[in-house]
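Hi everyone, thanks for coming. Let's take a few minutes to walk through one structure together, so please have a look at the screen.

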Amino acid sequence: MQSSEEYMQNLKQWLQDTADSQLEEMSDFFAKRLDGYEDHMSFWRESYQIFAEALPSECQKVLDLGCGTGLELDKIWQKNPNIEVTGVDLCANMLYKLLEKHQDKPLTTICQDYFQYDFGYGKWDAVISFESLHHFLPERKKELYKKIYCSLNERGVFLLGDYIACCEEEENLLRSVYLKKREQSAISKNCYVHFDIPLTLEHEKDLLQDAGFVIEKVLGGNATILIAQKQR
Ligand SMILES: C[S@@+](CC[C@H](N)C(=O)[O-])C[C@H]1O[C@@H](n2cnc3c(N)ncnc32)[C@H](O)[C@@H]1O
């Protein structure tokens, strides 16, 4: 296992090596890589299983933010094929693949930005998101977490599986590189690009708690999984 010093050294080297690479628009990024996408994500295989097991068994209506081709849903439906899912994703090609894999499941797909999509009020037993939200600044996530909180029913749960920064130095470094790259390429404010800007666990928890959530559990693994409850 790498120490955080080694990890930061490797990250800095990678940022140096990729300093000239251009940022890609989010949906184009995933559409271009669709063929190898599921193989690439097999690194998180174990975390998908842990994520599915963390979903409380009484959850029936689930909203998945950035569902992609549904790797987390593959595992969730293995456990209970009757769970009704609404999957939101920007990238139509990812959603076509999800629909192709799960024609027999109670699935609705929405090709939209989850910051714009209306989640409704008191409607979902669970809102879930796996490896999608680390592409956004905390200022934006803060509003999204409040929207998620309001959209859940009284005993609802938000299950977040994501890339978490190992220390503040990582969070701050990636944020500054991200902002600099956007500025250098004059990327407009409303354009989403693919670049990882994870938060530390403490920062992520603070945002969730500010939105009203109670953090019930944090599970480790390749991806960190936070179980945030609307009520105790
Ligand atoms: C790394 S993939 C994860 C997909 C899936 N959850 C999984 O683990 O296989 C991130 C997904 O988030 C989607 N995404 C990113 N930003 C989004 C946004 N603002 N609204 C909707 N989808 C978004 C991307 O299109 C992509 O499919």
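Before we start, one definition: helices here are DSSP runs of H or I with at least four residues, strands are runs of E with at least two, and both are numbered from the N terminus. Also keep in mind that this is a predicted model.

Let's begin at the ligand. Which elements each supply at least two residues of the shell around it? They are helix H2, residues 26-32, helix H5, residues 71-79, and strand S2, residues 84-89. H2 gives the most, with three residues. There are 23 residues around the ligand, and the ones that come nearest are Gly66, Gly68, Leu71, Cys91 and Ser132. Sorted by class, the shell has 13 nonpolar, six polar and four charged residues.

Now stay with H5 and find its neighbour, helix H4, at residues 45-54. The axes of H4 and H5 come within 8 Å and cross at roughly 50 degrees, which makes H4 oblique to H5. That crossing is right-handed. On the H4 side, the contact is made by Tyr48, Gln49, Phe51 and Ala52, and on the H5 side by Leu71, Glu72, Lys75, Ile76 and Lys79. Five of these contact residues are nonpolar, one is polar and three are charged.

Next, the sheet. What is the order of its strands? Reading across, you get S3-S2-S1-S4-S5-S7-S6, an open sheet of seven strands with mixed pairing. S3, residues 107-111, and S6, residues 214-219, stand at the edges with a single partner strand each, so one side of each has no neighbour in the sheet. From one strand to the next, the twist averages 15 degrees.

Let's zoom in on one pair. S1, residues 61-65, and S4, residues 124-130, pair in the parallel sense over three bridges. If you click on Val62, its bridge partner in S4 is Ala126. Helix H7, residues 138-151, packs on the sheet, where H7 touches S4 and S5, residues 152-162. The direction of H7 makes about 140 degrees with that of S5.

H7 also packs with helix H9, residues 201-210, at an angle of about 35 degrees, with the axes 8 Å apart. The crossing of H7 and H9 is right-handed. Here Pro138, Lys141, Lys142 and Tyr145 of H7 meet His203, Leu207, Leu208 and Asp210 of H9. By class, that contact has four nonpolar, one polar and three charged residues.

Technical notes
Residues are numbered from 1 along each chain as its sequence is written. This is a predicted model: local features need pLDDT of at least 70, side-chain atom pairs count only at pLDDT 80 or more; totals for chains, interfaces and linings use all residues. A residue is near a molecule or strand if its C-beta atom, placed from the backbone, lies within 6 Å of it. Ala, Val, Leu, Ile, Met, Phe, Trp, Tyr, Cys and Pro count as nonpolar, Asp, Glu, Lys and Arg as charged, and the others, Gly among them, as polar. Axes are lines fitted to C-alpha atoms, for helices over the stretch in contact, and angles run from 0 to 180 degrees between N-to-C directions. Angles under 35 degrees count as roughly parallel, over 145 as roughly antiparallel, 65 to 115 as roughly perpendicular and the rest as oblique. A crossing is left-handed if the near helix is turned anticlockwise from the far one by less than a right angle, and right-handed if clockwise. Two residues are in contact if their C-beta atoms, placed from the backbone, lie within 7 Å. Two strands pair if DSSP finds at least two bridges between them.
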